[in-house]
Amino acid sequence: MAEEQSRHRRGLESSVVTSNNQLAKWGQRMGFFLALVVFSGSLVLLYQGKSTTGLATLITTLGSLVTVFVVGKRKQTQELDRKR
């Protein structure tokens, strides 16, 4: 009975890990697509002569991407420190 429960628990953990990995990949792809769209939009605005709006959009997009990266790395480091 205990072996069956252990096998079941490991199966559930495996499916949770697989699902989390798939969600992370999906989120990365959507984030990349969104950043690409906004970045392209800012370049179009710059090309059309709307330098203030285009530059603001470009800087905001790049700032957001850098912020997400830095915060993610910081949380990852904190999680690793907590597990040690």
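The following questions and answers concern a predicted model of one protein chain.

Residues are numbered from 1 along each chain as its sequence is written. In this predicted model, local features need pLDDT of at least 70 and side-chain atom pairs count only at pLDDT 80 or more, whereas totals for chains, interfaces and linings use all residues; side-chain values use heavy atoms, with hydrogens and water left out.

Me: How many helices and strands are there in the protein chain?
Reply: Helices (H or I, at least four residues) and strands (E, at least two) are DSSP runs, numbered from the N terminus. On this basis the protein chain holds 2 helices and 0 strands.

Me: Why is the protein chain described as more spread out than a compact globule?
Reply: The radius of gyration is taken over C-alpha atoms, and the globule rule is 2.2 Å times the number of residues to the power 0.38. For 84 residues this rule gives 12 Å, so the chain counts as more spread out because its radius of gyration is well over that, at 21 Å. Along its principal axes, the C-alpha trace spans about 70 × 25 × 10 Å.

Me: How far apart are the end C-alpha atoms of α1, and what span should its residues give?
Reply: The expected span of a helix is 1.5 Å times one less than its number of residues. The 46 residues of α1 should therefore span 68 Å, and this agrees with the distance between its end C-alpha atoms, 67 Å.

Me: What is the corresponding distance between the end C-alpha atoms of α2?
Reply: Helix α2 has 33 residues, which should span 48 Å at 1.5 Å a residue. Its end C-alpha atoms agree with this expectation, being apart by 48 Å.

Me: Which residue follows α1 with a positive phi?
Reply: Helix α1 covers residues 2-47. The residue that follows α1 has a positive phi, near 90°, and is G49.

Me: Which residues of α2 are buried, and against what do they pack?
Reply: Buried means under 20% relative accessible area, exposed over 50%, and partly exposed in between (1.4 Å probe, protein chains only). Of the 84 residues of the chain, 7% count as buried. In α2 the buried residues are G54, L58 and T61, and they pack against α1.

Me: Which residues of α1 are buried?
Reply: The cover over the buried residues of α1 includes α2. Those buried residues are S6, A35 and S42.

Me: Is T61 buried or exposed, and which residues does it touch?
Reply: T61 belongs to helix α2, residues 51-83. Its relative accessible area is 10%, so T61 is buried. Contact means heavy atoms within 4.5 Å. Not counting residues up to four places away in sequence, T61 touches A35 and V38.

Me: With which residues is L58 in contact, leaving aside its neighbours within four places in sequence?
Reply: L58 lies in helix α2 and counts as buried at 15% relative accessibility. L58 and A35 are 23 residues apart in sequence and 9.8 Å apart in space, C-alpha to C-alpha. The contacts of L58 beyond those neighbours are F39, S42 and L46.

Me: Is V68 buried or exposed?
Reply: V68 is found in helix α2. Because its relative accessible area is 61%, V68 is exposed.

Me: What is the relative accessible area of G27?
Reply: G27 is found in helix α1. This residue is partly exposed, its relative accessible area being 40%.
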